[in-house]
Amino acid sequence: MDKHLHAVNFDGMTFGMEIETNTVVYNNFKKSVKYEKCISIFGDEFECLVVPYLMLGAIMREAHWLVTERMDFNKISIDGFKNSEEIFVRYSDKPIDFRNRQAFRSEVKKNE
């Protein structure tokens with residue numbers, strides 16, 4: 001069965017595609033989505049759903065380069081997965097810090 005992945009870039013643009021859900025790669029992706037400690041724009045800690053960028057790239061087949069090379073996506077949702085809740089993409093081992101999340105993307109763009 002296929003599901004629809006909806007992604008939001010750091011600049012607000014959206015991206016959508018169908019993904020295959022009956023694969024080992026998708027099962028590994030599901031296992032890697034976890035609630036993790038994040039830091040809000042006010043400096044408070046809270047938990048949000050997070051996925052490592054390489055796991056997201058793996059389920060995107062031909063479009064993997066958008067997340068693995070360009071690091072375009074801020075958050076995603078998948079129809080019916082975790083009640084279609086937003087999942088934030090983690091690009092480093094550090095907790096996601098929303099105070100400098102946009103600065104991270106600007107730094108990646110500079111290096112392109």
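**View 1. Lysine 75 in its strand.** In this predicted model, lysine 75 sits in strand β5, which covers residues 73-78. Its side chain reaches the side chain of glutamate 86 in a polar contact of 3.1 Å. Leaving out residues up to four places away in sequence, lysine 75 touches His6, Ala7 and Val8, and also Glu86, Ile87, Phe88 and Val89.

**View 2. Isoleucine 87, one of the residues that lysine 75 touches.** Isoleucine 87 belongs to strand β6, residues 87-90. This residue counts as buried because its relative accessibility is 0%, and the cut-off for buried is under 20%. Setting aside neighbours within four places in sequence, the contacts of isoleucine 87 include Val33, Leu49, Val50, Val51 and Phe81, plus Asn74, Lys75 and Ile76.

**View 3. The β1-β5 pairing.** Strand β1 (residues 2-9) runs antiparallel to β5, and 5 bridges join the pair. Pick out leucine 5 and you'll find its bridge partner in β5 is isoleucine 78.

**View 4. Zooming out to the sheet.** Here 6 strands make an open sheet with mixed pairing, in the order β2-β1-β5-β6-β4-β3. From one strand to the next, the twist averages 45°.

**View 5. A helix across the strands.** Helix α1, residues 24-32, lies across β1, β2, β3, β4 (45-52) and β5. Against β4, helix α1 runs at about 165°.

Note on methods
Residues numbered from 1 in each chain as written. Predicted model: local features only at pLDDT ≥ 70, side-chain atom pairs only at ≥ 80, totals over all residues. Heavy atoms only, no water. Helix = DSSP H or I, 4+ residues; strand = E, 2+ residues; numbered from the N terminus. Polar contact = N/O pair within 3.5 Å; in protein donor to acceptor, adjacent residues only side chain to side chain. Contact = heavy atoms within 4.5 Å. Buried < 20%, exposed > 50% of the residue type's maximum accessible area, 1.4 Å probe, protein only. Pairing = 2+ DSSP bridges. Axes fitted to C-alpha atoms, helices over the stretch in contact; angles between N-to-C directions.
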